[in-house]
Amino acid sequence: MDKVPLLRNGSAAGELTVEREALYTCFSVNCRESGEGLWCAWAVGERGDLRLGVLAPSNGELVLCRRFSTRMTAPVGRILRGEVRAVGEAAEVEWQPACQPECLFRTPWIRRQLRGAQGVLCGRTSACRVAIPYDPSRPFPLAAMFCFARICRIGGKRYAVYCFDAGEQPVMQEKN
């Protein structure tokens, strides 16, 4: 069993307990009450984030117990900390234009797919994220990996956002 800090806006807010049980990982969150609004717990790992779910009030605290298969938790890597975020708030990503997006990767296939792509953005949280302009009337960007994409708006424009771990493997993203 591992216990890691639970943070809200960078400050200690409680504790996240992570326990491996055969083919599953169990997460328990205990968070000091935070006032109004709905709050979501996240496990932040070496290679990505995993949305655990919405916290529920119990005896003056916000709590959550969830169990995920190893298949869902493995891409995140070792859990470094927990975070409490307002519902609907994703990991803070500062997007930057990528003039030569193929240079972001070492993997030849990804480099070929991104060569010459226009309007690509890159961002880093605990993982590498790439946002490729999305137009439903055009071929899907990185079509072979479409199931890993999350369609969202950044600066009012639609993008297919992909998240990659340190080994440049795509990571499944939780839908908000």
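Two strands count as paired when DSSP finds at least two bridges between them. Keep that in mind for the close-ups below, which come from a predicted model.

**View 1**

**View 1**
On to another partner of strand 1: strand 2, which pairs with strand 1 in the antiparallel sense over seven bridges. Val4 sits opposite Leu16 of strand 2.

**View 2. Val29 belongs to the largest nonpolar core.**
How many residues does the largest nonpolar core have? There are 20, and the ones with the most contacts inside the core are Leu16, Phe27, Val29, Leu52, Leu55 and Ile79. At least two core residues come from each of strand 1, strand 2 (11-21), strand 3 (24-32), strand 4 (39-45), strand 5, strand 7 (61-69) and strand 8. Zoom in on Val29 and, leaving out residues up to four places away in sequence, you'll find contacts with Leu6, Glu15, Leu16, Ala41, Leu52, Leu55, Leu62, Val63 and Leu64. Another core, of 16 residues, lies apart from this one and includes Phe105, Ile110, Cys122 and Tyr162.

**View 3. Glu83 is a buried residue in strand 8.**
Back to strand 8, which is where Glu83 is found. Is Glu83 buried or exposed? Its relative accessible area is 15%, and buried means under 20%, so Glu83 is buried. The side chains of Glu83 and Arg81 are joined by a polar contact of 2.8 Å. Not counting residues up to four places away in sequence, Glu83 also touches Leu6, Leu7, Cys40, Ala41, Trp42 and Val44.

**View 4. Phe105 and Phe164 meet edge-to-face.**
The whole structure has four aromatic pairs. In the pair shown, the ring centres of Phe105 and Phe164 are 4.9 Å apart and the planes are at 70 degrees, so this pair is edge-to-face. It links distant parts of the chain: Phe105 is in the loop between strand 9 (96-97) and helix 2 (108-114), while Phe164 is in strand 13 (residues 157-164), 59 residues apart. Both Phe105 and Phe164 are buried. Together with Tyr162, Phe105 and Phe164 form one aromatic cluster.

**View 5. Leu142 is a buried loop residue.**
Where is Leu142? Look in the loop between strand 11 (128-133) and strand 12 (150-154). Leu142 counts as buried because its relative accessibility is 7%. Setting aside neighbours within four places in sequence, Leu142 is in contact with Trp109, Gln113, Leu114, Ile132, Tyr162 and Phe164. As for Leu38, it is 104 residues from Leu142 in sequence and 34 Å away in space, C-alpha to C-alpha.

Conventions: Residues are numbered from 1 along each chain as its sequence is written. This is a predicted model: local features need pLDDT of at least 70, side-chain atom pairs count only at pLDDT 80 or more; totals for chains, interfaces and linings use all residues. Side-chain values use heavy atoms; hydrogens and water are left out. A nonpolar core is a set of buried Ala, Val, Leu, Ile, Met, Phe, Trp, Tyr and Cys residues joined through side-chain atoms within 4.5 Å. Buried means under 20% relative accessible area, exposed over 50%, partly exposed in between (1.4 Å probe, protein chains only). Helices (H or I, at least four residues) and strands (E, at least two) are DSSP runs, numbered from the N terminus. Contact means heavy atoms within 4.5 Å. A polar contact is a pair of N or O atoms within 3.5 Å; within protein, one must be able to donate a hydrogen and the other to accept it, and residues adjacent in sequence count only if both atoms are side-chain atoms. Rings of Phe, Tyr and Trp (its six-membered ring) pair if their centres lie within 6.5 Å; planes under 30 degrees apart count as stacked, over 60 as edge-to-face and the rest as tilted.
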